[in-house]
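Biologist: I'd like to learn how to read a model like this one, feature by feature. Could you walk me through it?

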Amino acid sequence: MAGPIHPRLLKRAAATRRFLIATVVVGILTAALLIAQARLIADWVTLAFDIKAFPPGWPTALLLLALVFLGRGLLAWVNSWLAHRSAASVKSTLRRDVLKARLSTPVGAATSASLVRTLTQGLDALDGYFSKYLPQLGLAVTVPFLVGGTILLTDWQSALIIAFTLPLIPVFMALIGWTTEKATRHSYAVADRLTNHFADLIAGLPTLQAFARARAQKRGVDLNEEQYRGATMKVLYVSFLSAFALELLASLSVAVVAVTIGFRLVYGHVDFTTALFVLILAPEAFLPVRQVGVHFHDSVDGVAAADAAFEVIDDATTHAGSTPAPAGALALEDVTYTYPGAVEPAVEGLSLRVEPGEVVAMSGHSGGGKSTALALAMGFLAPASGRVTVGGVPLTDVDLGSWRDQVAWVAQEPGLINGTVADNVALGHTSATPHDVAQALTDAGADFGPDKPVGDDGEGLSAGERRRVALARALVRIRLGGARFLILDEPTAGLDAATEARVIEAVRATGAGALIVSHRPAVLAAADRVVEVVTA
């Protein structure tokens with residue numbers, strides 16, 4: 001977080017800007033009530049000592065003091081109410097932006113476990129940033145100046161001491177804040193690693209059980225937990241140490257004011273009313289700034305999650321193109337792409353062309369970049385060099401929504417919803433009839449009926465059956481939805497030779513251009529052209 005306010009939160013979330021203005025207004029009103037409170041207490045206490053009895057009109061003074069306390073409580077409630085509304089608005093905005101970014105770039109981005117943690121527990125920590133840190137920051141930029149100005153008009157010598165000692169707190173706060181932020185980022189990274197490790201273990205638990213390796217993974221989880229515990233304790237250690245340092249510095253500063261004004265009171269250089277008034281106000285000048293350092297620790301977790309959310313948003317492939325996708329061939333022209341954090345490119349210097357009605361197959365060793373090439377063709381990723389064109393128009397100039405309307409895509413692990421096979425196939429087009437669904441399943445080589453139940457994430461279907469359902473959905477999308485390209489990632493994996501031949505025939509019969517990743521000899525033999533993907 002560069003500076004006291006996170007610049008991205010201020011820039012992207014209008015609610016943050018409105019809330020900052022509100023906190024400044026609340027800070028000014030709070031400072032005015034603090035000055036009124038100190039004035040009432042100093043005047044009436046001095047008067048009571050002078051006459052050695054309850055002064056006349058003391059019920060009025062108590063009523064005014066109660067109104068001041070009520071006003072401060074009301075301002076604190078308003079600040080809290082505004083804080084929670086602003087936090088909810090900003091979290092909602094960030095979650096929508098992250099999900100939009102994820103939908104635009106479903107590959108090569110943060111893992112699902114990291115995404116879930118960021119969107120839930122992570123962004124929820126922004127409540128501390130908005131409900132504690134920002135309100136206190138508003139008080140820190142208003143109360144010390146107004147209170148200090150009042151002390152200056154009352155007793156310039158005390159104001160001079162405050163003016164020299166007060167800036168020391170932000171200086172120490174910044175030094176401590178950098179250490180805290182570094183420790184918190186490390187803790188967040190360790191927690192993210194633990195989350196992904198645990199998610200991978202859950203996903204692979206059946207395989208681990210089958211090979212009797214489930215218990216052996218407990219040691220890895222224990223090590224990650226120990227690292228997270230150590231990182232968390234380091235954050236707490238820094239937080240408590242910084243709070244102690246700021247409290248000590250503020251207490252010593254107030255003590256200097258109190259000692260000097262006490263000596264001046266003894267020698268008659270200041271009257272009792274002024275001395276009491278300054279002594280009441282002096283701690284209030286230091287308190288808001290000191291509390292900013294304390295509440296900074298409440299904000300760092302949320303800020304770390306916000307940074308993670310912004311990384312997902314920034315990594316998304318975004319195009320400003322508005323041109324509808326034209327008719328014509330799909331082409332990848334000397335494209336290269338390297339995943340963030342990787343050293344070697346996943347795809348380097350790849351060129352291929354798919355004409356309407358043509359079947360082009362991509363082959364190559366596993367991990368050679370074939371799936372990355374498909375992601376580039378879909379617009380999920382933007383090439384670092386080279387370009388992807390549709391009908392001769394660069395994909396960066398094309399409205400991606402209109403382009404994807406013309407594409408039927410089958411991934412290696414197709415997404416399926418809870419329902420029946422027919423429900424999942426009908427997702428290809430809303431007007432699909434039971435006959436259309438049954439025909440598509442037959443052409444996709446399915447040996448099961450449309451009424452077969454499907455659980456969450458395709459539960460109840462084998463890997464081959466999931467691909468058949470996804471391929472049938474793609475056929476429906478072409479036949480009824482007007483899609484003119486098929487992009488298929490290992491569509492016939494797990495199929496027997498006869499079923500594989502039927503699938504290839506169905507794909508060619510659609511008349512759509514097809515770009516297929518496959519290692520299967522039958523698919524490569526049936527394609528019009530085969531492009532070998534080789535990464536240096």
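Predicted model: local features only at pLDDT ≥ 70, side-chain atom pairs only at ≥ 80, totals over all residues.

Biologist: What does the side chain of E333 meet in a salt bridge?

Modeller: The general idea is that side chains of opposite charge can pair when their charged atoms come close. Here E333 meets R387, with 2.8 Å from N to O. R387 has 37% relative accessibility, so R387 is partly exposed too. This pair links distant parts of the chain, with R387 in strand β4 and E333 in strand β1, 54 residues apart.

Biologist: How do strands β1 and β4 pair?

Modeller: β1 (residues 330-337) and β4 (residues 385-390) run in the antiparallel sense, over five bridges. A331 is the residue opposite T389 of β4. To place them in the sheet, read the strand order: β2-β1-β4-β5, four strands in an open sheet with antiparallel pairing.

Biologist: Which strands stand at the edges there?

Modeller: β2 (347-354) and β5 (393-394) do. Each has a single partner strand, so one side of each lacks a neighbour in the sheet.

Biologist: How many salt bridges does a search of the whole structure find?

Modeller: Seven. Among them is E355 with R353, whose closest N and O atoms are 2.7 Å apart. Both residues are partly exposed, E355 at 32% and R353 at 41%. Another is E465 with K452, at 3.2 Å from N to O. E465 sits in helix α16 (residues 463-481) and K452 in the loop between α15 (434-443) and β8 (453-454), so this bridge ties together parts 13 residues apart in sequence.

Biologist: Which strands are joined to β10 by bridges?

Modeller: β3 (residues 359-363) runs parallel to β10, with four bridges between them. In that pairing V359 has A514 as its bridge partner. β9 (residues 485-489) is also parallel to β10, through five bridges.

Biologist: Now the nonpolar cores. Which residues touch the most other members of the largest one?

Modeller: L94 and L126, in a core of 58 residues. Several helices supply at least two residues each, including α2 (14-51), α3 (58-104) and α10 (218-266). The biggest contributor is α11, with 19 residues. If you look around L126 and skip residues up to four places away in sequence, its contacts are L9, V90, K91, L94, G302, V303 and A306. Apart from this core lies another, of 37 residues, and L488 is among them, along with A408, A472 and A483.

Biologist: Where does N224 sit, and is N224 buried or exposed?

Modeller: N224 is in helix α10. Its relative accessible area is 12%, so N224 is buried. Beyond its neighbours up to four places away in sequence, N224 touches V190, R193, L194 and H197. Between N224 and R193 there are 7.8 Å from C-alpha to C-alpha, although they are 31 residues apart in sequence.

Biologist: Which residues make the nonpolar surface patch?

Modeller: Y237, L241, F244, L248 and L252, over about 560 Å². L241 belongs to helix α10. With 46% relative accessibility, L241 is partly exposed.

Terms used. Residues numbered from 1 in each chain as written. Heavy atoms only, no water. Pairing = 2+ DSSP bridges. Core = buried A, V, L, I, M, F, W, Y, C linked by side-chain atoms within 4.5 Å. Buried < 20%, exposed > 50% of the residue type's maximum accessible area, 1.4 Å probe, protein only. Contact = heavy atoms within 4.5 Å. Patch = residues over 30% accessible without salt bridge, like charges linked within 9 Å, V, L, I, M, F, W, Y side chains within 5 Å. Areas by Shrake-Rupley, 256 points an atom, 1.4 Å probe, with all protein chains shown as cover. Salt bridge = Lys/Arg side-chain N within 4 Å of Asp/Glu carboxyl O.
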